[in-house]
Structures are given as structure tokens and as C-alpha cells.
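User: Could you walk me through the fold of this one before I look at it in detail?

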Amino acid sequence: MNEPASPRTASPVTVARDTDTGRITARGGDGLAHGILERTFFLREAHGATWHRMSPTVEPADQAAVAQLAVARLQAAGYRVHTDTESATLTTQDRYVTTGRSITNLAHAIREASSPAEVSAQLEEVTAAHDGILASLEHLLHSLAAVYDGLGGPADRHIAARMRYLAEHRLGPITADLLHARAELADRSASRSLPGTPLPPAPPLAPTPTASGRNR
């Protein structure tokens, strides 16, 4: 069994089947706990207080196992978890670096950078064409629009159009501003190489012809 992290001071998380609705729900915890639940087939609800319900995509035969997986992940992160018999488990599961955490780590690296050049270098992952963070988010929105195009419901066409609008008109200004910021920061350090990135050697000079026409 994996050792859990140090106990957290956040409120306990309760994972149990609701007697009124028959759905497995989760209540309590903080933002990190909510993220763990949302990565374990729970859907966020925010009517008054934030709480979570298990996704209806989970088959009834798998619901107890999914609830136990969520509890194991919460316990590994150091949360106190209250459960019913169905959701209880003594195990923990190793945490992993999520995509969101990777971006948070990038933000921390930018905040701790020692020079404008280093910040410019860190931004390359954000602004890179085709597969940078912003470009990938644009791909995601277009993919989601394509999904709604195929669903055929009364409002689906409008939702698809909204996804395309976000991709084409909201991400564009953000990308342009960050590209400008990266270039501006790099230009401030034009006379220096980026930290940890040595400049390539200068090409050799072309031979100088002598009066006799030979090169020396």
C-alpha cells in the first residue's frame, strides 16, 4: 500500500450513495480534492455549495469500484475521507502529474525566472504554433464543436458554433498578446544567449583572395 501524504487541513470529503437520489456523491474538500474527483468520473455541481456526483457514464456494476478509486486518490493526497460501506477502501493510489499541474509548474517557473530571457524561453511551450498549449486548446474546442455537430439535438448546432467562436475569436487575442510579450522579453536580452542555451559557433570566414588570385 502506498504511503499517504501528510494530512491536509481542508474539510473532510464525504463519498457515499445518496439515499434520496440513489447516486454516489462527494461533498467537502478544497480545490485540489475537487480536481481529484473530477478526474475520477465525478461531475461538479455548484448550486449553493460545490459538490460532485458520479457521472452517469459509469455503469452500475462499476460504480463502487470507481468510488473506491476516488477515495484511494483522496487518501493518497492526505484528505480525511468519510464513506459508506460501498465506497470504503484502505488503499491509496500514487498521485501523478496532471496536464493542469504541468501548466501550474510552468507558471511557477515563469514567476521564479531570473531574467527576461528566461521568461521568454518558458513561454515557448505556451505560444508554440500547432502543438503549444494555446494551439492545443484551439484544437480541443474545434473537436468539441465537431462532437456537437454530430449529436443533432435542438441546441447542439448553437453550442458547436459557440465552441468555434471561442476558438477563433477569444483565443486569438490571448495568443497575439503572449507572442508579443515573448518577443519583447527576448529583445530585451538580445545581446545575451538564453540561460542554458549556448549560441552556435560562428561560421568560418570566407577565404580572402590574394593578388595572384589564390585564396589564403
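The chat below goes through the overall pattern, the strands and the surface.

Analyst: Gladly, and please keep in mind that this is a predicted model.

User: How many helices and strands does the protein chain have?
Analyst: The protein chain has seven helices and five strands, and along the sequence these follow the order β-β-α-β-β-α-β-α-α-α-α-α.

User: Which way do E1 and E2 run, and how many bridges join them?
Analyst: Strand E1, residues 13–17, and strand E2, residues 24–28, run antiparallel and are joined by five bridges, with Val-15 having Ala-26 in E2 as its bridge partner.

User: What sits between E1 and E2?
Analyst: Six residues lie between E1 and E2, which form a hairpin, and within the turn Gly-22 has a positive phi of about 80 degrees.

User: And E5, in which sense does that pair with E1?
Analyst: E5, which covers residues 81–83, pairs with E1 in the parallel sense over three bridges, and Val-81 in E5 is the bridge partner of Val-13.

User: Changing topic, what share of the residues is buried?
Analyst: Of the 216 residues in the protein chain, 28% are buried, while the accessible surface of the chain comes to about 14,200 Å², with carbon and sulfur atoms contributing 56% of that area.

User: What about contacts between residues 24 or more positions apart?
Analyst: Among the contacts in the protein chain with a separation of 6 or more, 51% are between residues 24 or more positions apart.

Definitions and conventions. Residues are numbered from 1 along each chain as its sequence is written. This is a predicted model: local features need pLDDT of at least 70, side-chain atom pairs count only at pLDDT 80 or more; totals for chains, interfaces and linings use all residues. Side-chain values use heavy atoms; hydrogens and water are left out. Two strands pair if DSSP finds at least two bridges between them. Helices (H or I, at least four residues) and strands (E, at least two) are DSSP runs, numbered from the N terminus. Buried means under 20% relative accessible area, exposed over 50%, partly exposed in between (1.4 Å probe, protein chains only). Contact means heavy atoms within 4.5 Å. Accessible areas come from the Shrake-Rupley method with a 1.4 Å probe; for residues, only the protein chains shown count as cover.
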